[in-house]
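Please keep the sequence and the model at hand while reading.

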Amino acid sequence: SNYGKLFTDITPIDSTIYTWSCVAMSGNGQYMLAGVYYYSDGSNNVYQSRDYGKTWNWVPNIKTSGSYSIGSVTISNDGVYQLIALGDVQNWGFWKSSNSGLSFSVIFTNESNNKRPKQGASSYNGNYMAIPYNHDDADDKLWVFSNYFIEYNDRSSASKGVGVALSADGK
């Protein structure tokens, strides 16, 4: 709230070991998500703020069953549409919100080992979102979501790299 002059630690006070893997913010900074690379029991994987970073909480029911997870997060400019991707040693999947992060629902999960999401991106209005996944055996995929999460598929021919960027209109 002070243009980066002062930063406040938002680390939870517990014995969990983790590191941040990605962050996303709405255009005005009201909505933020921060994904965790490692969490000891896989029970929570994404932090959320809905009040310009004043308070932070774990997003409930966004988890994998493995011993660690990697998160990727994406938010539309107005904060209404939010996408979370997780991957771990046992499974991976996507969760969506169409109500500014008040609640998330699963799009799908898959029991395939070692899928790791990389930094995703959103079009301005959230109509298009994309998140790449990397795999140990080079089964890389770029997942593209359109029509506000109604349609999605992988674009395996465009999957190399560490992240993606989208134009405002998604084209």
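A residue is called buried when its relative accessible area is under 20%, exposed when that value is over 50%, and partly exposed in between. The coordinates come from a predicted model, and every value below is computed from it.

**Overall make-up**

The protein chain has 13 strands and 0 helices, so that, read from the N terminus on, the elements run β-β-β-β-β-β-β-β-β-β-β-β-β. Of its 171 residues, 47% count as buried. The chain exposes about 8,900 Å², of which carbon and sulfur atoms supply 50%. When contacts between residues at least 6 apart in sequence are considered, 43% of them join residues at least 24 apart.

**A covered strand and its partner**

Strand β7, which spans residues 92-97, is mostly covered, with 5 of its 6 residues buried. β7 pairs with strand β8 (residues 105-110) in the antiparallel sense, over 5 bridges. Within this pairing, G93 stands opposite T109 in β8.

**Aromatic side chains**

The structure holds 11 aromatic pairs, and two of them are set out here.

| Pair | Centre to centre | Angle between planes | Arrangement |
|---|---|---|---|
| Y47 and W56 | 6.2 Å | 80 degrees | edge-to-face |
| F108 and Y152 | 5.4 Å | 20 degrees | stacked |

Planes over 60 degrees apart count as edge-to-face, and because the planes of Y47 and W56 stand at 80 degrees, the pair is placed in that class. Y47 counts as buried, because its relative accessibility is 4%.

Which parts of the chain does the pair of F108 and Y152 tie together? F108 lies in strand β8 and Y152 in strand β13, so the pair ties together parts that are 44 residues apart in sequence. The two partners can also be described by their accessibility: F108 counts as buried at 16% relative accessibility, whereas Y152 is partly exposed, with a relative accessible area of 36%. Both residues belong to one aromatic cluster, which is formed by Y81, F94, F108, W143, F145, Y148, F149 and Y152.

Most residues other than glycine have a negative phi.

**A buried serine in another loop**

S123 is found in the loop between β10 (121-122) and β11 (129-134). Which residues is S123 in contact with, leaving aside its neighbours within four places in sequence? S123 is in contact with S76, Y128, L166, S167, A168, D169 and G170.

How values were computed. Residues are numbered from 1 along each chain as its sequence is written. This is a predicted model: local features need pLDDT of at least 70, side-chain atom pairs count only at pLDDT 80 or more; totals for chains, interfaces and linings use all residues. Side-chain values use heavy atoms; hydrogens and water are left out. Helices (H or I, at least four residues) and strands (E, at least two) are DSSP runs, numbered from the N terminus. Contact means heavy atoms within 4.5 Å. Buried means under 20% relative accessible area, exposed over 50%, partly exposed in between (1.4 Å probe, protein chains only). Two strands pair if DSSP finds at least two bridges between them. Rings of Phe, Tyr and Trp (its six-membered ring) pair if their centres lie within 6.5 Å; planes under 30 degrees apart count as stacked, over 60 as edge-to-face and the rest as tilted. Accessible areas come from the Shrake-Rupley method with a 1.4 Å probe; for residues, only the protein chains shown count as cover.
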